[in-house]
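This report describes a protein model with its ligands. The sequence and structure come first, and the notes follow.

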Amino acid sequence: MKYVVLFCCTLLFSTLLFSQDSLKQKMHHPDINDLIKGKENLPADSVFTNVKILQRMTAERFIGTMKIFTKALGVRCTFCHNTEKWASDEKPNKEIARGMMKMTETINKDLLTSIEGLKGEHAFVGCETCHRGKEKP
Ligand code: HEC
Ligand code: HEC
């Protein structure tokens, strides 16, 4: 079982690396990592201006989560953002994504844990569990 977990971690890590590389090639605006330079380990709500859900995550993990969103839905940052104004909520998909985060948390914290007899190590859903690379699952 340890190996399965290890394998999944490796997979997740390489997925992150891969999406970082392909994003650098695709994005025309300055690298987002430059925006958080020197602030990687500060809480997201002290680095960004409009954070309502992921406040306590570090800035680095926050950006990592953004990359996971793009990968899980098969989209670019522009699907949810005006990349000139990251903090803006002008794109409806951004607010929908907040709702999806709340839904996912309820599934993981309340619903899956209340299913009796379910002991799997992978009793967990993420965006990709449903979306699998598509905007609409
Ligand atoms: C599926 C929608 C979605 C995608 C795709 C997405 N984001 Fe986000 N982004 C959000 C949401 C939702 C928030 C607000 C999170 C919160 O309120 O906790 C956010 C917040 C941010 C912020 C903070 C802005 C501020 O100052 O408040 C940055 C920076 C950001 N995203 C960058 C990115 C980058 C870079 C990408 C592409 C790699 C990306 N996002 C892709 C949904 C998305
Ligand atoms: C339990 C399954 C499930 C999970 C988990 C899930 N979604 Fe969704 N998502 C859906 C469904 C269903 C729709 C509605 C599709 C439609 O309108 O036909 C949707 C729609 C969306 C949309 C609107 C897309 C569009 O083109 O209208 C966004 C944005 C989105 N999800 C983001 C996310 C993000 C980000 C996560 C992870 C935090 C997530 N979703 C996790 C099922 C899920």
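## The segment after α6

R132 is placed in the segment after α6, where helices (H or I, at least four residues) and strands (E, at least two) are DSSP runs numbered from the N terminus. Although R132 is not a glycine, its phi is positive, at about 45°. Most residues other than glycine have a negative phi. R132 counts as exposed because it has 11 C-beta neighbours inside 10 Å.

## Model and confidence

This is a predicted model, in which local features need pLDDT of at least 70 and side-chain atom pairs count only at pLDDT 80 or more, while totals for chains, interfaces and linings use all residues. Residues are numbered from 1 along each chain as its sequence is written, and chains are lettered from A and ligands numbered from 1 in the order in which they are written.

The mean pLDDT (the predictor's confidence in each residue, from 0 to 100) is 85 for the protein, and 78% of the residues score at least 70. Over residues 4-29 pLDDT stays under 50, and the model has 12 contacts beyond four places in sequence for them. Two residues are in contact if their C-beta atoms, placed from the backbone, lie within 7 Å. Where pLDDT is low, the predicted coordinates should not be read in detail.

## Overall fold

The protein has six helices and zero strands, so its elements run α-α-α-α-α-α from the N terminus on. Of its 137 residues, 6% count as buried. Among contacts between residues at least 6 apart in sequence, 42% join residues at least 24 apart.

## Helix α4

Helix α4 has 15 residues and spans 21 Å from its first C-alpha to its last, close to the 21 Å expected at 1.5 Å a residue; the expected span is 1.5 Å times one less than the number of residues. The buried residues in α4 are A59, F62, I63, F69, A72 and L73. These buried residues pack against α2, α3 (44-47), α5 and α6. After α4 comes G74, with a positive phi near 65°.

N33 lies in helix α2 (residues 32-35). It counts as partly exposed because 14 C-beta neighbours lie inside 10 Å. N33 and E60 are 27 residues apart along the chain, and their C-alpha atoms are separated by 8.1 Å.

V51 lies in the loop between α3 and α4. With 17 C-beta neighbours inside 10 Å, V51 counts as partly exposed. Not counting residues up to four places away in sequence, V51 touches A44 and D45. The C-alpha atoms of V51 and R98, which are 47 residues apart along the chain, are separated by 10.0 Å.

A residue is near a molecule if its C-beta atom, placed from the backbone, lies within 6 Å of it.

Ala, Val, Leu, Ile, Met, Phe, Trp, Tyr, Cys and Pro count as nonpolar, Asp, Glu, Lys and Arg as charged, and the others, Gly among them, as polar.

Which of the 16 residues around ligand 2 come nearest? They are M100, C127, C130, E135 and K136. Helices α4, α5 and α6 (127-131) each supply at least two residues of the shell. The largest share, six residues, comes from α5. By class, the shell around ligand 2 has 10 nonpolar, four polar and two charged residues.

Notes:
A residue is buried if 20 or more other C-beta atoms lie within 10 Å of its own, exposed if 12 or fewer, and partly exposed in between; C-beta atoms are placed from the backbone.
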